[in-house]
Amino acid sequence: MQAQTLNRRWPWVAIVLSLTIAFVFAMISPAADSLQGFERVRIMYVHVPAAWLAYLAFFVTFGGSVGYLITRNLRWDRIAAASAEIGVYFTGLAIALGMIWGKSTWGVWWTWDARLTLTAIMFFVYLGYLALRRTTDDSVLRAGRAAVLGVLGAVQIPLVHFSVIWWRGLHQGPSVVRADGPAIQDPLMLTALIVGVLAFTVVYVSLMVKRIELIHLEDRKAAIDQSIERPVAGEAVTVPDLGGSS
Amino acid sequence: MTTGFWHQVTAVINRDLLRERRRGDVLWITIPFGAIALLLVPLAIGTDAILLRQIGPGMYWVIVMLFGVLVAVGKASSETLPQQDASALLGLDPAAGFVGRAASATLLLLIFETVVGLVAVGLYDVSIVGVPWLIITLLIVAIGLALLGTLTGSIVNSTSAGTALVPLLVAPLSVPLLLGATQSYEGLRLGHSILSWVLLMAAVVLVVAIIGVLTARPLQET
């Protein structure tokens with residue numbers, strides 16, 4: 001019984017623990033930045049991990065979609081669907097935090113920078129993916145169609161990632177993964193950022209486990225619902241009493 | 001129908017064009033709708049001739065993207081499930097069906113682009129520059145939109161949302177085409193090379209075409 005409870009609760013425990021550690025690191029890292037100033041620099045410790053995890057999530061959706069198209073195993077579809085949902089959440093979080101940071105730093109909520117615009121487009125592509133899934137009840141039909149869109153949508157991922165290199169804009173270029181080493185000089189800031197990414201990865205994995213489980217249960221429920229024979233009209237409709245003798 | 005691939009493609013094109021000739025969806029509904037949209041914009045933002053000349057090309061491409069999708073989707077989703085089953089039983093190669101539907105949509109989109117373009121020239125005083133490159137741009141945009149519309153139309157076909165979902169799927173994916181088209185026109189107007197933009201649009205077309213052909217059979221089976 002205890003093992004069962006632990007098994008059910010470990011994702012939530014992992015999420016709380018990892019986010020607490022990331023929060024502590026973000027708080028003890030130096031606050032003032034010569035360019036960004038004051039506390040707003042701490043937005044980076046959530047914004048950057050959220051953006052990285054969004055890429056990972058959509059890449060997993062792509063992998064799940066390809067996996068389904070090759071094997072026709074619904075397990076791949078569940079992975080793709082769960083990952084897309086979490087990816088949309090992380091993308092929305094990255095955009096929202098980016099806008100807050102942009103308002104305080106650039107003076108505007110939004111600017112037509114390539115990275116920002118392409119990220120917003122990627123967000124809408126995967127919103128469309130989730131909307132498509134909601135329009136089809138049959139799990140096999142839904143999996144096939146969503147898989148094609150999952151492959152098509154993945155074209156956006158490298159475009160968004162490399163947009164800061166290909167086009168000049170306000171958004172800064174890569175800060176950590178660079179050929180000449182990380183651009184962030186302060187080791188504590190860099191550590192806080194990496195810890196943030198690791199913590200968000202734990203959140204992602206934990207949410208994936210729970211969501212896949214839930215989708216599996218939803219599919220089973222739908223299958224049971226379909227197998228139960230029900231009267232076409234139900235009890236709401238009764239045979240009209242036309243009077244007269246029977 | 002166990003004939004060659006291109007013969008099947010031609011048959012699908014003929015079928016779609018015949019259907020369009022009989023029903024006139026594009027000619028009598030989508031094209032007038034696009035022209036009305038171009039007419040409404042100046043009423044909303046003002047009729048200043050200089051302003052309209054500036055925004056005219058951009059407005060034209062936005063109208064082409066948003067309304068052009070309807071042209072492609074209309075062709076892709078007009079097949080009912082029994083019709084699709086009949087095509088499959090006749091031995092129609094799903095990839096040939098996809099290419100055929102996209103090709104007929106391309107032809108209709110070219111007509112749409114031409115008529116709406118003339119309306120834009122008339123209403124917004126848009127200047128026509130670099131005709132050969134402009135034709136190439138129009139052609140690539142038509143092919144790209146047709147492929148995107150046909151692919152997404154196949155994906156949403158017979159879902160509960162039907163074609164209502166398609167604009168949400170196509171609009172973000174068609175952004176590279178919109179950027180390429182508007183920047184190409186701007187480049188032609190300023191006398192710059194537009195090769196990089198044309199290559200960007202061609203790359204998008206190629207990727208969507210490959211995905212469309214490769215996924216035609218899985219989509220038919222679902």
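# A tour through the core and its helix pairs

Begin by selecting the largest nonpolar core, which has 101 residues, and colour A:F90, A:Y126, A:Y129, A:L152, B:V141 and B:L151, the residues with the most contacts inside it. A nonpolar core here is a set of buried Ala, Val, Leu, Ile, Met, Phe, Trp, Tyr and Cys residues joined through side-chain atoms within 4.5 Å; buried means under 20% relative accessible area, exposed over 50%, and partly exposed in between, with a 1.4 Å probe and protein chains only. Helix α3 (residues 49-76) of chain B gives the most to this core, with 12 residues; helices (H or I, at least four residues) and strands (E, at least two) are DSSP runs, numbered from the N terminus.

The model is predicted, and local features need pLDDT of at least 70, side-chain atom pairs count only at pLDDT 80 or more, while totals for chains, interfaces and linings use all residues. Residues are numbered from 1 along each chain as its sequence is written, chains are lettered from A and ligands numbered from 1 in the order in which they are written, and side-chain values use heavy atoms, with hydrogens and water left out.

Next, centre on B:L151, which touches A:V148 and A:L152 in chain A and B:F98, B:V208, B:I211, B:G212, B:T215 and B:L219 in chain B, residues up to four places away in sequence not being counted; contact means heavy atoms within 4.5 Å.

Now show chain B's helix α2 (residues 25-45) together with its helix α5 (residues 94-124), whose axes come within 10 Å and cross at roughly 30 degrees. The axes are lines fitted to C-alpha atoms, for helices over the stretch in contact, and angles run from 0 to 180 degrees between N-to-C directions. The two helices are therefore roughly parallel to each other, given that angles under 35 degrees count as roughly parallel, over 145 as roughly antiparallel, 65 to 115 as roughly perpendicular and the rest as oblique. In the contact of α2(B) with α5(B), the residues divide into 16 nonpolar, one polar and no charged, where Ala, Val, Leu, Ile, Met, Phe, Trp, Tyr, Cys and Pro count as nonpolar, Asp, Glu, Lys and Arg as charged, and the others, Gly among them, as polar.

Within α5 of chain B, select B:F112, which is buried, with a relative accessible area of 0%. Leaving aside neighbours within four places in sequence, B:F112 is in contact with B:T30, B:I31, B:I63, B:V64, B:F67, B:G68 and B:G117.

Move to chain A, which has seven helices and zero strands, and in which 42% of the 246 residues count as buried. Display helix α3 (residues 74-105) and helix α4 (residues 114-134) of this chain, which pack at an angle of about 140 degrees with their axes 10 Å apart. Their contact involves, among others, A:D77, A:E85 and A:I95 of α3(A) and A:F123, A:Y126 and A:R133 of α4(A), and by class it has 12 nonpolar, three polar and three charged residues.

Finish at A:R211 in helix α7 (residues 187-227) of chain A. A:R211 is buried, with a relative accessible area of 18%, and it touches A:A82, A:E85 and A:E218, not counting residues up to four places away in sequence.
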